[in-house]
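Please read each point with the coordinates open.

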Amino acid sequence: MSRVRIIPVVLLKNGGLYKTVNFKNATYVGDPINTVKIFNEKEADELVVLDYNASVEKRGIDFNKIAEIAGEAFMPMGYGGGIKTLDDAKKVFDSGYEKIIINSILFEDLSLISQIGNIYGAQAVVCAVDIKKNLFGKYKVYSHSGTKNTNYSPDEWVRKLEAAGTGEILLNNIMQDGTWNGYDLELIKLTAHAVAIPLIACGGAGNVDDFKKAVKAGASAVAAGSMFVYQKKGMGVLISFPSEGITA
């Protein structure tokens, strides 16, 4: 048995932290600096910060804010949202982040993966893949915060990402986001079997058993949002993290 890497995901918008359900209905949950300080105290393995609507709203990156957030972190940090060029990526790394998370821009320029990886290494490039089922019940990859159906199947798209040089996949089922109903294990199995690179499962975690199930299904690590920022489903904000390591 090995220790499971557990990654809180926090959503950034206009300088504040928010939580969504199915990528919609954003609710304010607090200040990012205070949140990072608490995750420091809880000894989180890593932290992912996503400016989740940057591509849809065509916003640039608030480099001052993300540098301020990273400056408070004692754990490795990943940032995604609004990254469109190698220069954007360089500025994010210079702001104190170890990993870049990219998504929507890849449907226009897949070469951005190798551009970043050739300088910073493949391990520094994480590709986010957002999935939901179409009207016929088939898994499809969506871009721009779940608003555009790319018509790629998950296994087809992650193979392209692996071939382009990404070091890791952040896989999220849009319809599980914020539900506390558990990860989509079928989706994890499908995607994990398609590639050899590490897969981070995200979307739907409600308890530590969900982490173990995701790893058993093929995930290399697990990520969650609601579980780490709310006391319980339907209750108030309470930043938390498992006090002991999880093995699977």
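Helices (H or I, at least four residues) and strands (E, at least two) are DSSP runs, numbered from the N terminus. This is a predicted model, in which local features need pLDDT of at least 70 and side-chain atom pairs count only at pLDDT 80 or more, while totals for chains, interfaces and linings use all residues. Residues are numbered from 1 along each chain as its sequence is written, and side-chain values use heavy atoms, with hydrogens and water left out.

1. Asn 172 lies in strand S10 (residues 168–173). With a relative accessibility of 10%, Asn 172 counts as buried; the term means under 20% relative accessible area, against over 50% for exposed and partly exposed in between (1.4 Å probe, protein chains only). Contact means heavy atoms within 4.5 Å. Not counting residues up to four places away in sequence, Asn 172 touches Phe 23, Val 129, Asp 130, Ile 131, Cys 202 and Gly 203.

2. The loop between S2 and S3. Most residues other than glycine have a negative phi. Asn 22, which is not a glycine, has a positive phi of about 55°; this residue is found in the loop between strand S2 (16–21) and strand S3 (24–30). Phe 23 is in the loop between S2 and S3 and has a positive phi near 70°. Phe 23 is buried, at a relative accessible area of 19%.

3. Ile 174. This residue is placed in the loop between S10 and H6. Ile 174 is buried, with a relative accessible area of 2%. Leaving aside neighbours within four places in sequence, its contacts are Asn 22, Phe 23, Asp 130, Ile 131, Lys 132, Tyr 142 and Gly 146.

4. Strand S8 and its partners. Two strands pair if DSSP finds at least two bridges between them. Strand S7 (125–133) is joined to S8 by four bridges, and the two run antiparallel; Asp 130 stands opposite Tyr 142 in S8. The hairpin of S7 and S8 has five residues between the strands, and Gly 137 there takes a positive phi near 80°. On S8, Tyr 142 also stands opposite Asn 149 in S9, and two bridges join S8 to S9 (residues 148–149) in the antiparallel sense. In the hairpin of S8 and S9, with four residues between the strands, His 144 has a positive phi near 50°. In a regular strand the side chains alternate between the two faces of the sheet. Both faces of S8 are covered: Tyr 139, Val 141 and Ser 143 are buried on one side, as are Lys 140 and Tyr 142 on the other.

5. Helix H5. The buried residues in H5 (residues 154–164) are Pro 154, Asp 155, Trp 157, Val 158, Leu 161 and Ala 164. These pack against helix H4 (112–120), strand S7, strand S8 (139–143), S10 and H6. Just after H5, Gly 165 takes a positive phi of about 110°.

6. Strand S12. Ala 221 and Ala 223 on one side of S12 (residues 221–224), and Val 222 and Ala 224 on the other, are all buried. Strand S1 (residues 5–13) runs parallel to S12 and is joined to it by four bridges, with Ile 7 opposite Ala 223. S11 (residues 199–202) also pairs with S12 in the parallel sense, over two bridges; Ala 201 has Val 222 as its bridge partner in S12.

7. Helix H7. Asp 210, Phe 211, Ala 214 and Ala 217 are the buried residues of H7. Seen down the axis of H7, they fall within an arc of 130°, so they line one face of the helix; the arc is that of the directions from the helix axis to the C-beta atoms. They pack against S1, helix H6 (185–192), S11, S12 and helix H8 (226–229). After H7 comes Gly 218, with a positive phi near 130°.

8. Aromatic rings. Rings of Phe, Tyr and Trp (its six-membered ring) pair if their centres lie within 6.5 Å; planes under 30 degrees apart count as stacked, over 60 as edge-to-face and the rest as tilted. By this rule the count comes to nine aromatic pairs. Phe 211 and Phe 228 form a tilted pair, 6.2 Å centre to centre with 40° between the planes. This pair links distant parts of the chain, with Phe 211 in helix H7 and Phe 228 in helix H8, 17 residues apart. Both Phe 211 and Phe 228 are buried. Ring pairs link Tyr 183, Phe 211, Phe 228 and Phe 241 into a cluster.
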